Amino acid sequence: MTYHNQDVTVIIPSLDPDDRLLRVVENIRKRGFSDIVLVNDGSATKNLHYFEEAADRFGCAVLHHPKNLGKGRALKTAFQWYLENRRSSIGCVTIDGDDQHHPEDIEACVQRMREDGGKSIVLGCRDFSAENVPPKSRFGNKCTSFVFRTFCGLKVSDTQTGLRVFPNAVIPTMCQVDGERFEYETNMLLVCKNKKIPLLEQKIRTIYIDDNSTTHFRPIRDSLRVYGIIIRFFCSSILSFLIDNALFNLLFTPFKHFIGADPAVWLATLIARVVSSLFNYTMNRKAVFKSDAPIRATVFRYYILCAVQMAVSAGLVWLLSTLLGNGGFLVGLLKILVDTLLYFVSFRIQQDWVFRKD
């Protein structure tokens, strides 16, 4: 069987490679992929000879980072180089250099892009229920898929797959995605959702070598990066809550002295809520969703959401307490449950509507 894959560029980011990198390059060349770009992301001197050998034996182009900048930056470096140097190619495929992507699966993903007509990004998705998947990898990937499906409406079974095929039309957008390390691959999917770039899943083999012991993924630090948008939203909400309560308590006593207790409660509540909501809006716009939508539109949507959310919260608590009982403890518990549910709903609405650029 003859393979014609010379019009697709293979991109392999690599940090401190070993013999497997050369084996990967050799195997994909056998499937007809002759245009291969390696990104040395700050590898140690003792590992540089693998890049040199790949260039000499297989004609690979090699891009170098003088220090480790992260997988996200390595991919963006390669994408930018691709746009400047490969105008005759129809797209590129990113793979890992540790031999965890089978050449037939790589070709199947590329073929899926051809059949699609270059409109979608193709994701090579693994089956994490397979027996050979290390427990921490199974849990981590399923947890990540669940979290992003619940919070962001991102229905992808393998959010961290390194096997992805990009048609030419989407590559300029990929160069603009935030993130320098492993979070880049998740941010990429969120951008696709927001910009309505279709994602296609292609089932691939699930290959783990030595229980994935060679991965450069740092469980705590990189997980914080991957879940960045959700963590930032949580922190913004907590800080807003603290500001609201601190300001209320700061203002209530002097207001009570001048205008009485009942009016002081309303006035302190109003001022504290206005200040905390403006803080929350600013944080969500700039730090959480990083929206460049017009301020006038986003402020209007934000306060509509606040009003509706407050009314729904009060209505649901009243309804449930009427049905289940209106004891003080029960009402307090219902308030916590209802507001927790609305918290998740609010995240989705802010992401998809409030801070969406028209």
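**Sheet, helices and cysteines**

Helix α4 (residues 103–116) lies across β1, β4 (91–94), β5 (121–125), β6 (164–167) and β7, and runs at about 145 degrees to β7. The model is predicted: local features need pLDDT of at least 70 and side-chain atom pairs count only at pLDDT 80 or more, while totals for chains, interfaces and linings use all residues. Residues are numbered from 1 along each chain as its sequence is written, and side-chain values use heavy atoms, with hydrogens and water left out. Helices (H or I, at least four residues) and strands (E, at least two) are DSSP runs numbered from the N terminus. Angles run from 0 to 180 degrees between N-to-C directions, with axes fitted as lines to C-alpha atoms, for helices over the stretch in contact.

The seven strands form an open sheet with mixed pairing, in the order β3-β2-β1-β4-β6-β5-β7; two strands pair if DSSP finds at least two bridges between them. Because β3 (61–65) and β7 (199–203) each have a single partner strand, they stand at the edges, and one side of each is left without a neighbour in the sheet. From one strand to the next, the twist averages 20 degrees.

At the β3 edge, five bridges join β3 to β2 (residues 36–41) in the parallel sense. V37 has A61 in β3 as its bridge partner. Helix α2 (residues 48–58) packs on the sheet and touches β1 (8–14), β2 and β3, its direction making about 165 degrees with that of β2; contact means heavy atoms within 4.5 Å.

How many disulfides are there? The count is zero, a disulfide being a pair of cysteine sulfur atoms within 2.5 Å. For C175, the closest cysteine sulfur is that of C92, at 9.0 Å, which is too far for a bond.
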